[in-house]
Amino acid sequence: MQKLNYLKETPSQTAGPYVHIGLAPGAAGFDAYDRELGQDIAGPHAKGERIRVEGVVIDGTGSPIKDVLLETWQANAQGVFAHPEDGRPVEDGFRGWGRVITDFDTGEWGFETVKPGPSRARNGKIAAPHISLWIVARGINIGLNTRLYFEDEAEANKQDDVLNLIEWERRRTTLIARRSLRDGMPVYRFDIQLQGENETVFFDI
């Protein structure tokens, strides 16, 4: 009988500072591209309300993490995604996808875009306006997926199937961005807690 040789599992490794060099080289001090991917999410022709989203990613000790990379994905103001599966047109230049990193000194991250509208979920129902976020950093083995919802969309949030999957109201609030105004522009604050009592809800997708 032939003896089978099984390969051992390859050791895992967390994301490290190299993510900036490979995915956001300009921020790491490398002049690699004329224009880096993910900098212009909405484009100049997108309709709707222009907003800024910002926050920090906080570790289990309550400290901001300063080497995080975040990718964003959203619909436009009409709830249309720039994806062939949606099948509806979007404005010229609207990508709906972005990539940002945290400030190396403060841990703050942020981006400007247009506020998304209610969109069509895969089950055909209407999802509340939201922005999907994917997070990688040193100490994270697998990228974390979460969603940002808007506090001024309370009625739509009440009907959202994903939010309603979260049993505890206190846990749902970790997905709600808080609105303020700065120089006339709406700013939504969304701090992401990786561990602890107020840990942000993450999704296994």
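Hi everyone, let's start with strand S8, which is mostly covered: 6 of its 7 residues are buried. Buried here means under 20% relative accessible area, while exposed is over 50% and partly exposed is in between, with a 1.4 Å probe and protein chains only. Strands are DSSP runs of E with at least two residues, helices are runs of H or I with at least four, and both are numbered from the N terminus.

A quick word on the source. This is a predicted model, where local features need pLDDT of at least 70 and side-chain atom pairs count only at pLDDT 80 or more, while totals for chains, interfaces and linings use all residues. Residues are numbered from 1 along each chain as its sequence is written, and side-chain values use heavy atoms, with hydrogens and water left out.

Now, the chain as a whole. Its secondary structure comes to 4 helices and 11 strands, and 41% of its 205 residues count as buried.

Back to S8, and its neighbours. Which strands pair with S8? Strand S7, residues 130-136, pairs with S8 in the antiparallel sense over 6 bridges, and Trp134 stands opposite Asn145 in S8. Strand S9, residues 176-182, pairs with S8 in the parallel sense over 2 bridges; there, Tyr149 has Ile176 as its bridge partner. Pairing, by the way, requires that DSSP finds at least two bridges between the two strands.

Next, the aromatic rings. A pair of rings is described by the distance of the centres and the angle of the planes. Rings of Phe, Tyr and Trp (its six-membered ring) pair if their centres lie within 6.5 Å; planes under 30 degrees apart are stacked, over 60 edge-to-face, and the rest tilted. By this rule there are 3 aromatic pairs. One of them joins Trp109 and Phe111: the ring centres are 6.1 Å apart and the planes at 15°, so this pair is stacked. Both Trp109 and Phe111 are buried.

Then look at Phe150 and Tyr188, with ring centres 4.8 Å apart and planes at 80°, so that pair is edge-to-face. Why does this pair tie together separate parts of the sequence? Phe150 lies in S8 (residues 144-150) and Tyr188 in strand S10 (residues 185-189), so the parts being tied are 38 residues apart in sequence. Phe150 is buried at 0% relative accessibility, and Tyr188 is buried with a relative accessible area of 0%.

The charged end of Lys115 sits over its ring, 5.3 Å from the centre. For that, NZ of Lys or CZ of Arg must be within 6 Å of the ring centre and within 35 degrees of the ring normal.

What about the interior? The largest nonpolar core has 22 residues, and those with the most contacts inside it are Val53, Trp109, Leu148 and Ile192. Such a core is a set of buried Ala, Val, Leu, Ile, Met, Phe, Trp, Tyr and Cys residues joined through side-chain atoms within 4.5 Å. Strand S1 (50-58), strand S4 (108-114), S7 and S8 each supply at least two residues of this core. Apart from it lies another core of 7 residues, including Ile166 and Val201.

Finally, Arg182, in strand S9. At 39% relative accessibility, it counts as partly exposed. Leaving aside neighbours within four places in sequence, Arg182 is in contact (heavy atoms within 4.5 Å) with Arg52, Glu54 and Val187. Arg182 and Arg52 are 130 residues apart in sequence, yet 9.3 Å apart in space, C-alpha to C-alpha.
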